[in-house]
Amino acid sequence: MAAATLSPAGESSDSRPDTIEKVVHINRCAKVVKGGRRFSFSALVVAGDQQGKVGCGFGKANEVADAIKKATEASRKNMNRVHLNNNTIPHEVIGEHGGGCIMLKPATPGTGIIAGGGARAVLEAAGVRDVIGKSLGSSNHANVVKATLAALGALRPRDEIFRARGKEIKEKKAL
């Protein structure tokens, strides 16, 4: 394993400054032992470059900071490319994972991100600026995030859909 070099600012060279991370949820778990309660933490983090790459990660540790660090590393490793159309998504899509189900619809410029919780974090990290989302199933943070990632992964660009149907794309002419 290669060691990361440190920059003068103290950051490692392999951490990308253009990548943003958002902590979606931190869960505290208590284990009762002879001396009292022993706490551990789990963190759900979403990372993205706001240019069409996004991923999520889950980390567990005895300290909150360590759990977030593990989750951030996992989310950077799991980043996938998402097809976007300007600042919105190309078409309506439904994503499911476990009990979580989310519906995403494209929106006109200026609408913003109309979605809550984990779905909003995923869409912001992916670089989507105008979209309407509705969580239809479970409100479990992990399932909503993974359902949103599944929905974004199911998006296809317009030319790919036309090619699959065997049709040509006609250019629009100005009036």
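Reader: Which residues does the UniProt annotation "domain: S5 DRBM" cover?

Author: According to the unreviewed UniProt entry, "domain: S5 DRBM" covers residues 19-82. The model itself is predicted.

Reader: How many bridges join β5 to β6?

Author: Two strands count as paired if at least two bridges are found between them. Here, five bridges join strand β5, residues 93-97, to strand β6, residues 100-106. The two strands run antiparallel.

Reader: What do β5 and β6 form, and which residue in the turn has a positive phi?

Author: They form a hairpin, with two residues between the strands. In the turn, G98 has a positive phi of about 60 degrees.

Reader: Which other strand is joined to β6, and how do the two run?

Author: Strand β8, residues 131-135, is joined to β6 by five bridges, and the two run antiparallel. For a pair of residues to look for, K105 stands opposite I132 in β8.

Reader: Now a pocket. What is the volume of the second largest pocket, and which residues line it?

Author: The volume of the second largest pocket is about 160 Å³. Its lining consists of H83, L84, N85, P90, H91, R156, P157, R158 and I161.

Reader: How many residues of that lining are nonpolar, polar and charged?

Author: The lining of the second largest pocket has four nonpolar, three polar and two charged residues.

Note on methods:
Residues are numbered from 1 along each chain as its sequence is written. This is a predicted model: local features need pLDDT of at least 70, side-chain atom pairs count only at pLDDT 80 or more; totals for chains, interfaces and linings use all residues. Side-chain values use heavy atoms; hydrogens and water are left out. Helices (H or I, at least four residues) and strands (E, at least two) are DSSP runs, numbered from the N terminus. On a 1 Å grid over the protein atoms alone, a cavity is a set of points where a 1.4 Å probe fits but cannot get out, and a pocket is an open set with protein on both sides within 12 Å along at least five of seven lines; lining residues have an atom within 4 Å of a point. Grid points are joined across faces, edges and corners, and a volume is the space filled by probe spheres set on the points. Ala, Val, Leu, Ile, Met, Phe, Trp, Tyr, Cys and Pro count as nonpolar, Asp, Glu, Lys and Arg as charged, and the others, Gly among them, as polar. UniProt positions are given in the numbering used here, feature names are shortened, and annotations may be inferred rather than shown by experiment.
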